[in-house]
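Here are my notes for someone opening this structure for the first time. Have a look at it yourself, then go through the points below.

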Amino acid sequence: MAIYGQKLGIVGVGFVGSKILSNVLAANLFSEIVLIDEKKEKAAGEALDERHAMGLGSTQHVKVYAGEYSDLADADVIVVAATHIYEDEIPAERQDLLLDNIPVLDDVMSGISQHTREAILVFISNPVDTLAHLAVTEYHYPKERVLSTGTMLDSARLRYAVAEHYGIDPKSVTGYMLGEHGMSSFAACSHLNVQGIPFDQLSDYFEGISPLDVDQLTEEVVQSAYDVFMDKAGVTDAAIARVAVELLTTIVLDQETILPVGTFCGQGIYDLDQAVTFSLPAQIGRQGVVRTFQIPLNEWEKEKLVQSVAVIDQSIRFGREKLQDYRKQ
């Protein structure tokens, strides 16, 4: 049985949602999982496929089924992975997905908020920061219970890139990307270290290896997402599913882990003129977002943050306008 007997909802069981389902079941975090998808037969098939594996001795007996939004009334956590389905090429830029995902957001948030405002919402659908922000401002969902996976995956890619460069285990690297989950994210290298060795001193310890440039490192990390996207014909699902499980684990077990996730940041943080959802280190527990940390940034990082927040803010304004147009139809 799942620890604490928690209930999970997964809205959208395409490539990402189904991958999250398999990873979550392997982690034994929930005793009940309800799947919701516009294609009801797809949700039913994914649920049945996973239930068949429960005849194996290595698999826990978990209640997994396809359901309706009403089934989310007593959910503890809801993962939002629903997205517009493209018949042809999927846009590579996350912000280009926004126009098509506005109807999806309205359907999902209308369905969820009708039955609960208690569950913690974890957004994965892109552009993830914009959609998470609109969930708070346009559907009046409690901001401390809404978060996006933000730059958790970007940060994992950063640690991987640094580790590959120096030939070490990525887990030896501490550091994160901040800002938008997208093109404008940036490496906060003033806080990056390898087992306590600061980023700007790594060359002193790894002789014969060229030093990393923060601009090039940031570009490499951002580009790596598109490398996966192109090689897998428009899908990036494996790593983000692992991110989701790590985030769900800290929520369900109330671990109070500090992670770079997208949270609603009010006006005034870093002297910003507007409230925006973006990634900073945040303490996450059973009640959702406990606190965010306004960590010190150097001048380069401050400039990058302002640029990244401007990108998200523009996206939010556009999304709000299109949502209002959609509701008038």
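1. A word on naming before anything else: helices and strands here are DSSP runs, numbered from the N terminus, with helices having at least four residues and strands at least two. With that in hand, find G196, which sits in the loop between β10 (193–194) and β11 (197–198). Its relative accessibility is 56%, and since exposed means over 50%, G196 counts as exposed. Look also for T174: G196 and T174 are 22 residues apart in sequence, and their C-alpha atoms are 8.4 Å apart in space.

2. Now step back to the whole chain, keeping in mind that this is a predicted model. The secondary structure comes to 9 helices and 14 strands. Taken along the principal axes, the C-alpha atoms fill a box of roughly 55 × 55 × 40 Å. A compact globule with 329 residues would have a radius of gyration near 20 Å, and the chain agrees, with 20 Å.

3. How much of the chain is buried? Buried residues make up 54% of the 329 residues. As for contacts in the chain with a separation of 6 or more, 70% of them come from residues 24 or more positions apart.

4. Next, follow strand β5 (residues 120–123), which is covered on both faces. I120 and V122 are on one side, L121 and F123 are on the other, and all of these are buried. Strand β4 (residues 77–80) runs parallel to β5, joined to it by 4 bridges, and V79 stands opposite V122 in β5. β5 is also joined to strand β6 (residues 146–148) by 3 bridges, again parallel. Here the bridge partner of F123 in β6 is S148.

5. Strand β13 (residues 276–285) deserves a look too. Is it enclosed or open? In β13, 10 of the 10 residues are buried, so the strand is largely enclosed by the rest of the structure. β12 (257–265) pairs with β13 in the antiparallel sense over 9 bridges, and T257 has I284 in β13 as its bridge partner. β13 also pairs with strand β14 (residues 288–292), antiparallel over 4 bridges. A282 has T292 in β14 as its bridge partner, and a hairpin joins β13 to β14 through 2 residues.

6. On to the open spaces. The largest pocket has a volume of about 1,200 Å³ and is lined by 45 residues. If you want to find its centre, G14, A81, A82, T83 and H84 are the lining residues that lie nearest. Several helices take part: α1 (15–27), α2 (40–52), α3 (98–113), α5 (152–166) and α7 (214–231) each supply at least two residues of the lining. Which element gives the most to this lining? That is α3, with 4 residues. By type, the lining residues divide into 24 nonpolar, 12 polar and 9 charged.

7. The second largest pocket holds about 690 Å³ of space, and 25 residues line it. Nearest its centre are M152, L153, A156, R157 and R159. The largest share of the lining comes from α5, with 8 residues. The lining residues divide into 16 nonpolar, 3 polar and 6 charged.

8. The structure holds 2 cavities of 30 Å³ or more, and the largest cavity has a volume of about 60 Å³. Its lining is made up of V80, A82, N101, V104, L105, V108, F123, S125 and L131. The largest share of the cavity lining, 4 residues, comes from α3. What types of residue line the largest cavity? They divide into 7 nonpolar, 2 polar and no charged.

Notes:
Residues are numbered from 1 along each chain as its sequence is written. This is a predicted model: local features need pLDDT of at least 70, side-chain atom pairs count only at pLDDT 80 or more; totals for chains, interfaces and linings use all residues. Side-chain values use heavy atoms; hydrogens and water are left out. On a 1 Å grid over the protein atoms alone, a cavity is a set of points where a 1.4 Å probe fits but cannot get out, and a pocket is an open set with protein on both sides within 12 Å along at least five of seven lines; lining residues have an atom within 4 Å of a point. Grid points are joined across faces, edges and corners, and a volume is the space filled by probe spheres set on the points. Ala, Val, Leu, Ile, Met, Phe, Trp, Tyr, Cys and Pro count as nonpolar, Asp, Glu, Lys and Arg as charged, and the others, Gly among them, as polar. Buried means under 20% relative accessible area, exposed over 50%, partly exposed in between (1.4 Å probe, protein chains only). Two strands pair if DSSP finds at least two bridges between them. The radius of gyration is taken over C-alpha atoms; the globule rule is 2.2 Å times the number of residues to the power 0.38. Contact means heavy atoms within 4.5 Å.
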